[in-house]
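Have the sequence and the 3D view handy as you read.

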Amino acid sequence: MKLAYWMYAGPAHIGTLRIASSFKNVHAIMHAPLGDDYFNVMRSMLERERNFTPVTTSVVDRHVLARGSGEKVVDNITRKDSEESPDLIVLTPTCTSSILQEDLHNFVEQAQMNSKGDVMLADVNHYRVNELQAADRTLEQIVKFYIEKARKKGDLPTGKTSKPSVNIIGISTLGFHNHHDCTELKRLMADLGIEINQVIPEGASVHELKNLPQAWFNLVPYRELGLMTANYLQAEFGMPFVDITPMGVVETARCIRKIQEVLNAQGAEVDYEEFINEQTLYVSEAAWFSRSIDCQNLTGKKAVVYGDATHAVAMAKILTREMGIHVVWAGTFCKYDEEWFRQEVSEYCDEVIISDDHGYIGDRIAQVEPAAIFGTQMERHVGKRLNIPCGVISSPVHIQNFTLGFKPFLGYEGTNQICDLVYNSFTLGMEDHLLEIFGGHDTKEVITKGISADSDMNWNKEAKELLNKIPGFVRGKVKRNTEKFARDRNISEITLEVFYAAKESVGA
Amino acid sequence: MTMTAEPQALSFECETGNYHTFCPISCVAWLYQKIEDSFFLVIGTKTCGYFLQNAMGVMIFAEPRYAMAELEEGDISAQLNDYEELKRLCLQIKRDRNPSVIVWIGTCTTEIIKMDLEGLAPKLEAEIGIPIVVARANGLDYAFTQGEDTVLAAMAARCPDKAPEEEKKERNAITSLLNFGKKKEEVEAEEEGYANHPPLVMFGSLPDPVVTNLTMELKKQGIKVSGWLPAKRFTELPVIAEGYYVCGVNPFLSRTATTLMRRRKCKLIGAPFPIGPDGTRAWIEKICSVMGVTPKGLAEREQQIWESMEDYLKLIRGKSVFFMGDNLLEVSLARFLVRCGMTVQEIGIPYMDQRYQAAELELLKQTCIDMGVPLPKIIEKPDNYNQVERIYELNPDLVITGMAHANPLEARGINTKWSVEFTFAQMHGFSNARDILELVTRPLRRNDNLKNLGWDKLVREEAKV
């Protein structure tokens with residue numbers, strides 16, 4: 001047992017439901033007790049979805065415990081099949097069905113006999129995988145199912161499209177800024193003269209999955225979702241894939257160069273160098289921003305980065321490499337992907353943190369006292385308590401992160417959005433100077449902030465007044481450094497003299 | 001299973017139970033706030049945790065006094081010892097929070113693996129010295145607000161049967177709250193204002209302002225409320241002795257009522273619930289009649305409230321409402337809305353205890369007759385899919401529903417109100433009646449503002465397959 005009240009990644013069935021409900025005309029039936037269909041609320045609320053979420057529950061209740069749920073599950077599947085004629089029904093196990101150990105495979109087979117659409121059991125184990133892993137797995141499972149089905153029927157199309165084309169794999173419902181990213185990627189592909197063969201799973205029809213192999217290559221923008229499918233397609237059809245997340249100027253260029261390599265290997269003879277150059281220097285504002293004096297003021301400022309693997313890695317690289325910001329630590333809750341994360345991010349931060357314990361993450365933020373945090377909604381709230389600004393860069397997120405306006409994180413427009421996010425998260429440079437010069441304009445009492453920062457030092461009146469004049473966002477650090485200085489020298493009361501001595505000694 | 005009898009009887013039907021509602025563990029959200037010295041430990045899986053985390057929104061960031069004991073694979077396969085694991089976590093809670101009670105919420109998983117929480121609790125309680133109350137608020141057996149019912153039924157067993165002499169004064173927290181700042185003589189003088197009636201204890205968790213309000217409402221009639229289950233603190237649970245009278249304030253508390261009657265030998269006052277001015281008046285009148293007090297000034301009081309709500313009533317008179325059903329407040333709300341002049345097309349409800357709700361059902365029937373509207377169908381364990389079909393057919397002016405259906409219905413031009421808001425709003429008593437109408441009329445007022453824009457149907461017509 002583990003004591004917990006916050007988790008970064010949801011349970012496995014959420015991943016399966018995200019995939020199923022992203023497809024067009026696919027229905028998921030959860031094998032779960034009453035009240036487990038909270039996914040419908042999240043999709044309806046967070047995505048502000050206009051349509052009914054295609055998820056229903058085959059309710060596990062007392063009668064089911066006594067008699068087994070076979071008949072009920074089969075009935076529910078065939079009923080849904082006739083009510084809404086979905087192309088595919090995905091029976092979704094939950095933690096409850098994991099323990100009941102009923103033969104869901106068998107139920108699916110029975111239901112399939114009486115259903116016009118296809119019926120499938122999602123192959124995910126609640127106790128082994130989380131939301132993200134389950135989503136990755138379910139997407140692969142569905143793709144494989146329809147490829148094999150087409151192969152059996154002998155109508156698997158052969159050959160590639162005449163012009164270079166791509167499948168974008170991994171865009172899904174409830175994904176962080178996924179819809180905007182998808183629009184931006186489509187635009188980028190159009191600029192590169194690459195046709196979109198298919199986007200999966202969002203908005204895709206399962207009947208068209210058999211056409212996936214017609215694309216020249218696959219693009220997997222997110223580390224968490226789509227790699228299994230890309231690997232399957234590579235093993236099965238020798239389809240190359242590009243899994244460099246085009247987030248940030250340098251990574252976008254790297255992604256495009258990789259695409260160029262992949263296409264040229266198939267005889268496309270494309271050269272994207274000029275496009276990259278043009279975009280980087282004159283179209284996207286990001287490169288210019290990093291050269292501007294605004295960004296100069298951010299040089300060496302401390303930041304911490306935390307999120308899913310994709311966004312935390314990309315963000316750490318952008319901050320360090322493109323903006324000269326000092327990333328003290330970068331971390332992720334994707335513990336299962338630790339090796340890749342370390343390898344990607346190690347040279348861009350002082351320390352790598354792999355943890356899904358929000359309490360620990362909060363403490364580490366408090367200790368470092370960064371000038372800005374880039375994290376999930378949880379880190380935003382830590383920032384609020386510590387009075388440190390936070391830019392949200394990764395799920396889990398709230399409704400305000402499902403923006404109505406166009407806010408991609410990927411591609412060249414994404415680089416602009418990220419610049420705004422970063423710049424607005426730090427206190428504005430000039431404001432910063434003015435506050436220092438004029439001693440600050442806030443007269444709040446010094447609060448001992450910091451989740452794990454306690455202090456019992458005695459400050460005399462003058463020193464306290466001076467401390468109050470230090471701008472809020474550095475006050476905690478100055479206070480702590482001064483106290484450490486005093487403690488090291490066995491000074492019991494902090495006076496103005498001690499205060500200045502400390503400043504001179506440690507540069508507080 | 002239809003039981004339609006003569007035309008002037010309510011009809012009860014039961015559908016498939018395929019409906020959306022909250023898991024009953026959600027009761028920790030309001031109970032941990034109500035019982036200030038408690039700590040709620042939900043013993044379940046990531047699924048439970050994910051629900052709580054998302055359903056409670058920003059509350060989660062406020063270091064709430066609840067947590068998950070998240071079961072791992074070793075717990076399920078009994079490789080780990082339940083007792084040792086729970087002891088470790090409860091000691092940690094004791095060290096970090098030092099609560100006066102730890103409430104264990106049993107979930108579907110603990111039911112299925114048959115974890116003997118009721119057996120483990122007394123042993124662990126003796127070992128760590130903190131009371132442990134066990135409530136099985138799981139989705140196998142219960143819906144949403146019934147979670148509170150399971151917790152209060154378990155708490156009922158913890159109420160002392162007589163107050164220790166020296167504590168007697170402090171234990172009655174509500175009286176001391178009401179008497180706060182008054183001199184001793186004044187208090188004694190006020191004590192005389194009460195009729196001589198047997199002790200009366202209320203049950204049902206309500207925000208403190210509402211508790212005070214209802215207590216004062218009864219005080220005006222000379223009825224003294226000796227205690228309230230739950231109280232602000234676990235250490236202030238009311239004395240409940242054999243022969244006491246008890247009365248519920250919410251329609252979903254049937255297990256608590258049963259426990260108080262059977263286990264604590266109390267007498268239950270079966271009254272309609274104090275929701276809406278009509279309900280509040282009927283509630284007080286019923287209590288008065290049982291206590292042998294003649295109520296005074298209630299008709300005028302009720303009339304005043306109705307008059308003060310006229311601006312809202314104008315908006316809903318003659319309109320129709322459809323309850324999809326998810327929180328068991330449906331019958332009381334429907335009865336109130338009929339009195340407001342609405343027609344109720346359907347009352348969906350997760351579970352219908354016809355004995356506990358008898359007085360409320362009777363009042364609903366009477367109200368429909370008085371207002372000259374047809375008696376609504378009550379659909380127990382509704383089927384949301386069928387309900388949506390009926391909604392398309394009936395085209396109600398307002399659908400009261402869960403969040404899973406609200407946005408899709410709005411996009412199809414149907415006004416909706418999110419049902420969960422009724423659970424969290426302060427809506428009991430005379431003074432809060434207006435707040436119910438504020439909620440009910442909000443979609444109508446909002447959509448009134450938009451009606452000339454032609455933005456009613458915001459989904460493309462789907463081709464029928």
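Let's start where the two chains meet: helix α2 (residues 38-46) of chain A packs against helix α19 (residues 403-411) of chain B, with axes 7 Å apart and an angle of about 40 degrees. This is a predicted model, where local features need pLDDT of at least 70 and side-chain atom pairs count only at pLDDT 80 or more, while totals for chains, interfaces and linings use all residues; side-chain values use heavy atoms, leaving out hydrogens and water. Residues are numbered from 1 along each chain as its sequence is written, and chains are lettered from A, and ligands numbered from 1, in the order in which they are written.

- The contact (heavy atoms within 4.5 Å) involves A:N40, A:V41, A:S44 and A:M45 on the α2(A) side, and B:M403, B:A404, B:N407 and B:P408 on the α19(B) side.
- Sorted by class, that contact has five nonpolar, three polar and no charged residues (Ala, Val, Leu, Ile, Met, Phe, Trp, Tyr, Cys and Pro are nonpolar, Asp, Glu, Lys and Arg are charged, and the others, Gly among them, are polar).
- A word on the angles: axes are lines fitted to C-alpha atoms, for helices over the stretch in contact, and angles run from 0 to 180 degrees between N-to-C directions.

**A sheet with strands from both chains**

- Five strands line up as β1(A)-β3(B)-β2(B)-β4(B)-β5(B) in an open sheet with mixed pairing (strands pair if DSSP finds at least two bridges between them).
- At the edges sit β1 (2-4) of chain A and β5 (132-136) of chain B, each pairing on one side only.
- From one strand to the next, the twist averages 25 degrees.
- Inside this sheet, β2 (residues 38-44) and β4 (residues 101-106) of chain B run parallel, joined by six bridges; B:L41 has B:W104 in β4(B) as its bridge partner.
- Helix α1 (residues 27-34) of chain B packs on the sheet, touching β2, β3 (66-70) and β4 of chain B, and its direction makes about 160 degrees with that of β2(B).
- Helix α7 (residues 146-156) of chain B also packs on the sheet, touching β2, β4 and β5 of chain B, at about 140 degrees to the direction of β5(B).

- Which residues cover the two faces of strand β13 (residues 398-401) of chain B? B:L398 and B:I400 lie on one side, B:V399 and B:T401 on the other, and all are buried (under 20% relative accessible area, with a 1.4 Å probe and protein chains only; exposed is over 50%, partly exposed in between).
- In a regular strand, side chains alternate between the two faces of the sheet.
- β13(B) runs parallel to strand β10 (residues 320-323) of chain B, with three bridges joining them, and pairs in the parallel sense with β14 (residues 416-418) of chain B, also over three bridges.
- B:V399 stands opposite B:F322, and its bridge partner in β14(B) is B:T416.

**Chain B overall**

- Chain B has 21 helices and 14 strands (DSSP runs numbered from the N terminus: helices are H or I with at least four residues, strands E with at least two).
- Of the 465 residues in chain B, 59% are buried.
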